[in-house]
Amino acid sequence: MSNKKTHKVFRRLGIVTIVAVYFLIVVGGIVRTTGSGMGCPDWPKCFGSWIPPTEVSQLPKNYKEKFKVQGKEIADFDAFKTWTEYINRLIGVLIGLFIFATFIASFSYRKTDRSIIFLSFASVILVGFQGWIGAKVVASDLSVSLITIHMVIAIALVFLLIYTIIRGFKSVWKPTQINNKRRVNQILILALLLSFVQVVLGTQVREAIDVIAKTMGESQRGLWVENLGLNFLIHRSFSWLVLSSHIYLVYLLYTQIRDRKNYIFKYTIFLFVLIVSEIASGVGMAYFGIPAILQPIHLLIGTIVLGIQFFLLLAINYEKIFVRSEFKASEGFSQEQLISQ
């Protein structure tokens, strides 16, 4: 198989892996929303078995004591929660296989760009670390700080994969002419930072929701928002800063890119639509008693926003990051030659 074909396999496999990671984030959100995090009280097995039970009769009578976590008896067996958590784990294993396959495919770059191999291997290490953190989450009885770390690592994994896969496009990449690129970069970096802060604030609100849910119960879901306090108000107000930065970003690229069909402009419009959708889902949760269906959607959109922002930052600065850094002045290339490489 030629290098072009093997490179194409790597790029496609990498894109599928990124999509799969986002799918896992959605499933993780469903696990948390449905309170299924302790559906399997042990790890990596579930109730001591590789195939979890479907009914309580399949468990020993003292299962609450036998599988206690941090000295506390577990809750009554719930088949839905058990299998929701178990499916989440199976998808996590599948993601690991995808990432390992991407690492194997990266060896097609051993003669042209070995850094892609090292970056792919770093993804393997990071997903292994993510699995270890997942085990610690279960052992800690869903420590909110570990859940937050688990989420941050997932975002870091997405960023690493995006960087690695985009690097693999070097032989087919077509540069985009953008006027006043410095200003565009400044606003894009600002938008990325604001979005990241918003995700962190959202995590704090999510932690507060978990506490309130345990205290008030599902029957009082409609009253949860009233008890969220200052963190929720800050998170809600901060969305206006995020929205304003993206309105300006769209305006900048509209005036700086002549070709309206250019992929950077299209992705920016898509990013703006996601921001509006993210705010709309937040409003829906605030005014409709935090519907369970909106929580994973809100989480997914927020993480996709970060991924697209990071992609745009790399794409706009592609020549500077991936080309000029490799072909220095010592090679004697002109700017046109660098881009053609």
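Residues are numbered from 1 along each chain as its sequence is written. As the model is predicted, local features need pLDDT of at least 70 and side-chain atom pairs count only at pLDDT 80 or more, whereas totals for chains, interfaces and linings use all residues; side-chain values use heavy atoms, with hydrogens and water left out.

The structure contains one disulfide, a term applied to a pair of cysteine sulfur atoms within 2.5 Å. Cys40 and Cys46 form this link, with an S to S distance of 2.0 Å. The torsion about their S-S bond is about -85°, so the disulfide is left-handed. Cys40 is buried, at 0% relative accessibility, and Cys46 is likewise buried at 0%. Here buried means under 20% relative accessible area, exposed over 50%, and partly exposed in between (1.4 Å probe, protein chains only).

Helices (H or I, at least four residues) and strands (E, at least two) are DSSP runs, numbered from the N terminus. Helix α6 (residues 181–216) packs against helix α9 (residues 294–316) at an angle of about 160°, their axes lying 10 Å apart. Axes are lines fitted to C-alpha atoms, for helices over the stretch in contact, and angles run from 0 to 180 degrees between N-to-C directions. The two helices α6 and α9 are therefore roughly antiparallel (under 35 degrees counts as roughly parallel, over 145 as roughly antiparallel, 65 to 115 as roughly perpendicular and the rest as oblique). The crossing of α6 and α9 is left-handed, that is, the near helix is turned anticlockwise from the far one by less than a right angle (right-handed if clockwise). Among the residues making the contact are Leu188, Leu192 and Phe196 of α6, together with Val305, Leu306 and Leu313 of α9; contact means heavy atoms within 4.5 Å. By class, this contact of α6 with α9 comprises 13 nonpolar, five polar and two charged residues. Ala, Val, Leu, Ile, Met, Phe, Trp, Tyr, Cys and Pro count as nonpolar, Asp, Glu, Lys and Arg as charged, and the others, Gly among them, as polar.

Helix α6 also pairs with helix α7 (residues 230–256), the axes coming within 9 Å and crossing at roughly 160°. This arrangement makes α6 roughly antiparallel to α7, and their crossing is left-handed. The contact of α6 with α7 has 17 nonpolar, 10 polar and one charged residues.

Leu157 belongs to helix α5 (residues 144–167) and is buried, with a relative accessible area of 5%. Beyond its neighbours within four places in sequence, Leu157 contacts Val21, Ile99, Ser123, Leu126 and Val127.
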